Amino acid sequence: MKVTVFKRPKTKKGWFSFGAIIVVLLLGNWPVIPLFNKDILIFGFPLIMLWSIILIFVTTFVMVIINRNGGVD
């Protein structure tokens, strides 16, 4: 049996799911985080904390969409 580490998507839905996951990962990494690391309070939260909360909701929404579309094939 051939064991592979990474299984590439084969369908359009699979590539969309893969791309959505990559976008969400990039939103929580280096080039984006410094944009929100400011001394600004919104609703009593620092901007970086508010961005973290928004990112949790975005991640959940993307996972729900992927689950409804059939996931990565």
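Biologist: Which residue has a positive phi although it is not a glycine?

Modeller: That's phenylalanine 43, with a phi of about 55°. You'll find phenylalanine 43 in the loop between β1 and β2.

Biologist: Why is phenylalanine 43 called exposed?

Modeller: The cut-off for exposed is over 50% relative accessible area. Phenylalanine 43 has 76%, so it counts as exposed.

Biologist: And isoleucine 42, why is that one called partly exposed?

Modeller: Partly exposed is what lies between the buried limit, under 20%, and the exposed one, over 50%. Isoleucine 42 has a relative accessible area of 29%, so it falls in between. This residue sits in strand β1. Leaving aside residues up to four places away in sequence, isoleucine 42 touches Leu47 and Leu50.

Biologist: How far is isoleucine 42 from proline 31?

Modeller: They are 11 residues apart along the chain, and their C-alpha atoms are separated by 22 Å.

Biologist: Let's turn to the helices. How do you know that the span of α3 agrees with what it should be?

Modeller: α3 has 23 residues, which should span 33 Å at 1.5 Å a residue. The end C-alpha atoms of α3 are 33 Å apart, so the two agree.

Biologist: Which residues of α3 are buried, and what covers them?

Modeller: The buried ones are Leu47, Leu50, Trp51, Leu55, Val62 and Ile66. Their cover includes α1, α2, β1 and β2. Notice that Leu47 and Leu50 are also the residues that isoleucine 42 touches.

Biologist: What about α1, how does its reach compare with the expected one?

Modeller: Helix α1 covers residues 12-27, and its first and last C-alpha atoms are 22 Å apart, close to the expected 22 Å.

Biologist: Which residues of α1 are buried?

Modeller: Gly14, Ser17, Ala20 and Val24. They lie on the same side of α1, because they cover an arc of only 125° around the axis. Residues three or four places apart point the same way, because an α-helix has 3.6 residues a turn. Part of the cover over the buried residues of α1 comes from α3.

Biologist: Can we step back? What does the whole chain contain, and in which order?

Modeller: There are three helices and two strands, and from the N terminus they run α-α-β-β-α.

Biologist: How does the radius of gyration of the protein chain compare with that of a compact globule?

Modeller: A compact globule of 73 residues would come out near 11 Å, but this chain has 16 Å. The C-alpha atoms fill a box of roughly 55 × 25 × 20 Å along the principal axes. As for burial, 18% of the 73 residues are buried.

Biologist: Last one: where is the confidence lowest and highest among the elements?

Modeller: It's lowest in helix α2, at a mean of 90, and highest in α3, at 93. Over the whole protein chain the mean pLDDT is 88, with 93% of residues at 70 or more. Where pLDDT is low, the predicted coordinates should not be read in detail.

Technical notes: Residues numbered from 1 in each chain as written. Predicted model: local features only at pLDDT ≥ 70, side-chain atom pairs only at ≥ 80, totals over all residues. Heavy atoms only, no water. Helix = DSSP H or I, 4+ residues; strand = E, 2+ residues; numbered from the N terminus. Expected span 1.5 Å × (residues − 1). Buried < 20%, exposed > 50% of the residue type's maximum accessible area, 1.4 Å probe, protein only. Arc of directions from axis to C-beta. Contact = heavy atoms within 4.5 Å. pLDDT = per-residue confidence, 0-100. Rg over C-alpha atoms; globule rule 2.2 N^0.38 Å.
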